[in-house]
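Here's a quick tour of one protein model, written for someone who likes to know the cut-offs. Have a look at the structure, then read on.

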Amino acid sequence: MSSSDECNRSGGANTPSPKICEFSDDNLNIDIDVLISEVQSRALLWDKSLDQYSDRNLKRAAWEEICVLLYPDFNKISRQQQKQIGK
């Protein structure tokens with residue numbers, strides 16, 4: 001994250017809430033808990049023992065699925081903007 005990015009947990013001391021990161025350069029709000037959960041549910045992104053782990057096309061598709069979940073307009077923006085979000 002750059003110095004212009006902020007991550008915080010909204011809510012009171014007794015209320016658990018999602019960790020949100022705001023990226024000021026591209027105006028994104030990403031729920032970090034959702035991101036982690038989505039990556040965990042796609043073992044091919046992190047489990048080196050799987051044959052699919054080395055398949056770049058499957059990994060790219062999995063990351064695109066995650067990007068669409070976190071940023072619903074992901075497929076409507078330019079490829080350059082997609083690359084910036086996917087960093």
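This is a predicted model: local features need pLDDT of at least 70, side-chain atom pairs count only at pLDDT 80 or more; totals for chains, interfaces and linings use all residues.

## Fold and ground rules

Helices (H or I, at least four residues) and strands (E, at least two) are DSSP runs, numbered from the N terminus. On that basis the protein chain has three helices and three strands, and along the sequence they come in the pattern β-β-β-α-α-α.

Residues are numbered from 1 along each chain as its sequence is written, and side-chain values use heavy atoms, with hydrogens and water left out.

## Confidence

pLDDT is the predictor's confidence in each residue, on a scale from 0 to 100. The protein chain averages 77, with 67% of its residues at 70 or more. Residues 1–13 are the stretch to treat separately: pLDDT stays under 50 there, and the model has 24 contacts beyond four places in sequence for them. Contact here means heavy atoms within 4.5 Å.

## Surface and core

How much of the protein chain counts as buried? Of its 87 residues, 22% do, where buried means under 20% relative accessible area, exposed means over 50%, and partly exposed is in between (1.4 Å probe, protein chains only). The accessible surface comes to about 6600 Å², and 48% of that belongs to carbon and sulfur atoms; these areas come from the Shrake-Rupley method with a 1.4 Å probe, and for residues only the protein chains shown count as cover.

A nonpolar core is a set of buried Ala, Val, Leu, Ile, Met, Phe, Trp, Tyr and Cys residues joined through side-chain atoms within 4.5 Å. The largest one has five residues: V39, L44, L45, A62 and I66. V39 also shows up in the contact list, touching L45, W46, W63 and I66 once residues up to four places away in sequence are set aside.

As for sequence range, take the contacts between residues at least 6 apart: 18% of them join residues at least 24 apart.

## Three residues up close

C67 lies in helix α2 and counts as buried because its relative accessibility is 12%. Leaving out neighbours within four places, C67 is in contact with F74 and G86. Its C-alpha atom is 9.0 Å from that of L35, 32 residues away along the chain.

D31 belongs to strand β3 (residues 28–31). At 18% relative accessibility, D31 is buried too.

N75 is in the loop between α2 (56–70) and α3 (79–85). Not counting residues up to four places away, N75 touches E64, V68 and Q82; the C-alpha atoms of N75 and E64 are separated by 8.8 Å.
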